[in-house]
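Here is a short note to read alongside the model. Please keep the structure open as you go through the points.

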Amino acid sequence: MAEAKRERTERRRGFLLALPSFAYMVLFFAIPLIIVLVYSFATRTSTGSTSLSDWNFDAYRKLGEPIVRNVVVRSVILALVTTVICLVVAYPFAWFCAHQRQTVRNVLLVAVMIPFWTNFLVRNYAWRILLSEGGPISSFTEAIGLGETDILFTKLAVVIGLVYAYLPFMILPLYASIDRLDRRLVEAGRDLYGSGPQTFRRVVLPLTMPGIIAGSILVFVPSMGAYVTPELLGGGKETLLGSYIVTQFLTARNWPVGASLSFVLMAVMLVSTVVYFRSGGKNL
Amino acid sequence: MSRKPIHRLPAWALRTNGAVVLLFLYAPIILLVIFSFSASRIPGQWGGFTAEWYATLFDDSRLQRTIAVSVRVALVSTLLATVLGTMSALALERFKFRGRRVFDALLYLPIIIPDVTMAVMMLMFFSQSFSLLESLFGIGLSKGFATIVVSHVAFNIAFVSVVVRARIAGMDATLEQAASDLYASRWQAFRFVTLPLIAPGVLGGALLAVTLSLDDVVVTQFVAGPGSTTLPVYVFSLIRKGVTPTINAVSVIMLVASLILVAGSVGLQRANASRGRQQLRTSGGNS
Amino acid sequence: MSAAVSLRGISKLFDDVTAVDNVDLDIADGEFFALLGPSGCGKTTTLRMIAGLELPSAGSLQIFGEEVGSLPPNKRPVNTVFQNYALFPHMSVADNVAFGLRMRKVPKSEISTRVQEAISLVRMSGMEGRRPNQLSGGQQQRVALARALVNRPKVLLLDEPLAALDLKLRQEMQFELKQLQREVGITFVFVTHDQEEALALSDRIGVMNDGRLLQVGTPEEMYDAPVDRFVADFIGRSNFLKGTLESPDVVCLTNGQRINVPAVDAVTVGDEVQVSLRPERVMICDVDTAPDGVARLSGIVDSETFLGNSVVYRVTLDWMTIEVETDHRPDLERHHSGDRVDLWWRDDAVAVVKP
């Protein structure tokens, strides 16, 4: 029957259209991913090469050792601090944006988007200059009588850099969910004798939760895996997960440990996105 | 709109917070530009106006080589990723086919995967496949321009596809049906109706791909070979050695390049938004 | 002469859901035909199968005797006016209208004259350079018509062509559409859920429900002699009296009363039927003043509603309630709540319908 034939032709067309990128993604993405998985179960030989003949969980077991554990804990804490700061700063800002006239709102949103499009390395480098010894911030604090500040190559510098890098990721989803919020619900909350803070906690906060979760994932996840920012602003003193993985590959040549850590990092991302979608989020 | 503030924060606090956020976002960039014209040898200090650091860029042949590599990588990988990404967006939005869900999920991964993981994947893949090719066929390959392009395409297909899909999803599918009702073949309907209408999305995806390609340090660092370093990787290694006024100048050049891309994408979004509004108006009154 | 459009045993399944169920239909050349039904009844799917946008799961579909059931839309001699017009937003009015001719590689000089003709036919001259988004809803509708008619299709298909317009414009466009059809003489097949629109515009109507084509006929036939309860209910309003068909022209109502009805052949004697009785065809009068030789029922006026040009009574019998609509005229007696009245009608005022 013609109907079935057309259906088959359509399916074949779709498949052929997808085939080049499908093949590309399998070859240059899925297979590399599998290789990493396989390597995370391999053993590092005494010469620094990797033996695939001996399968075990040694690399994962190593993640429990104090050195690695410290790196993981430090990364989680820094990423959490970054996320909380972004949330606290971005929520009022997104609220402010959503309650402006259309034109002002558009200008503000573009203003948030521009740094996001600006070269990542340059944005980190700018803070390197700002925070440098005798640099603008230090001179400023000295001028107002607070003395020189020397925060470059500290955890604080890393957090500043991460907040700077990922703040737009928090603002945009928050803005989207606040903008979607039906203002009449807020008025209904007030009408039903809720005080301002009560209405906020019981009406606004739950309704904007998808934005909060999306923004938090979008900030927390790349912060966990950050490499450039801690290298430039932490000066390599504060080793984070990203730098530690890179070291395992480029310096220590311990591929199994690097592979297992990369895999754990990716698993964290996957779990958080799945949690987000399960919690009713639509898009990131 | 509710006039009563429903939050404890008064209006002035909101406004101050807004100003601080904008200052925080823009001050570093602006200061970087200012200091790039400072005559002081110390990059964070003002020592009078000079443009000499920009002049030194022209003498640095290593720098010029890396810029050339970056531009070539960005162009080639963007072209490939845009074609492949647009094809997959069309397939996913307009067709049903076997393996569609797997493909959809596979295209989602590069967006959420951390840079470092992606870098590790590509490094291991190339070293494994190169040694395999060597042992099987005696073909000796090494990392360089091609491996960078392959890696950039691998993450950019997904980003292009997301942007283009959003555009296709917003396009009325009956327009394609109208075209075929008016005697257009499948190809003609695509060429004269679908493509012009999704073009802003395709262009937007391409701009994103260029930006991401020029942004990438980690993946490129892992898959670059000697002599094929890109500008960001080169600058990154310079900064790690120590900051110099020359890096200020290079950074400003990179900044200008990304601002041009921003202008392109913001302009594109505005064009899309106004067209979207018009379309909304014309179809107004329908249920 | 073969029909313009001929459907034989056409069915369409989407997965396992039957959207169109075994439809037989002949639409004559030059006819203005309406497919009428509630949303989801399969009328749009039927139209899309004629256009080629969907292929039938079973059955044969001919256009002027040529089997087209398996052809793609671009190979069929029909054109469609889509519900939201589907004008190409990136093309001017002229380019929209020229699109079909260009696709068919019509010579350039001919294209420009035919485009001009089509645009002036729908009275849009001077608007050639405009973009669709610069046009009002009514103007877009005309461009959509011109874009389809310029190709001189053998059949023009219209999917809810007026649904997107507001009431006043809709009435204007109804008139224009009818005139346009007479002018070009092409077969029009249009889909609507608006019974008034169908009655006003079409030469014949086909009513669909649940994927089935229930009845086809002229607007008068559909109104006066519905064969299905759904048709009687969907086109106009009606009272339904339950009963059993005793002989081809006698129904025994549930209260035991026998009434004469126009002879039917679609229903088997002995079957349960309903008798459709239009409110305006029922007469109301004081008790025992009905003329002889007519069917009559007695009841009590439950309510009266004054509507300006008419009065609607709800009359309660002991076994059902009947709605009666009379003209509002000084020579007609008014009845009031609680009055005992008789209702009567002539034998040809009713229609036997399948329940």
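**Notes on the A–B interface and chain C**

1. Start where two chains meet. In chain B, 74 residues are in contact with 74 residues of chain A. Contact means that the C-beta atoms, placed from the backbone, lie within 7 Å. The elements that give two or more residues to this side of chain B include H1 (11-35), H3 (61-94) and H11 (245-282) of chain B. The largest share, 11 residues, comes from H1(B). Helices (H or I, at least four residues) and strands (E, at least two) are DSSP runs, numbered from the N terminus.

2. Know what you are looking at. This is a predicted model: local features need pLDDT of at least 70, side-chain atom pairs count only at pLDDT 80 or more, and totals for chains, interfaces and linings use all residues. Residues are numbered from 1 along each chain as its sequence is written, while chains are lettered from A and ligands numbered from 1 in the order in which they are written.

3. Now the make-up of that interface. The side of chain B that touches chain A has 53 nonpolar, 14 polar and 7 charged residues. Here Ala, Val, Leu, Ile, Met, Phe, Trp, Tyr, Cys and Pro count as nonpolar, Asp, Glu, Lys and Arg as charged, and the others, Gly among them, as polar.

4. Turn to chain C. Its secondary structure comes to 8 helices and 20 strands. The C-alpha trace of chain C spans about 80 × 45 × 35 Å along its principal axes. Among contacts in chain C between residues at least 6 apart in sequence, 64% join residues at least 24 apart.

5. Look at S11 (residues 239-247) of chain C. S11(C) and S14 (residues 272-277) of chain C run antiparallel, joined by 6 bridges. Asn239(C) stands opposite Leu277(C) in S14(C). S11(C) also pairs with S12 (residues 250-253) of chain C, in the antiparallel sense, over 4 bridges. Two strands pair if DSSP finds at least two bridges between them. Gly243(C) stands opposite Leu253(C) in S12(C). A hairpin through 2 residues joins S11(C) to S12(C).

6. Which strands stand at the edges of the open sheet? The sheet has 5 strands, in the order S15-S19-S16-S17-S18 (chain C), with antiparallel pairing. S15 (283-286) and S18 (321-327) of chain C stand at the edges; each has a single partner strand, so one side of each is left without a neighbour in the sheet.

7. Finish with one pair from that sheet. S15(C) and S19 (residues 340-345) of chain C run antiparallel, joined by 4 bridges. The bridge partner of Cys285(C) in S19(C) is Asp342(C).

Definitions and conventions
Two residues are in contact if their C-beta atoms, placed from the backbone, lie within 7 Å.
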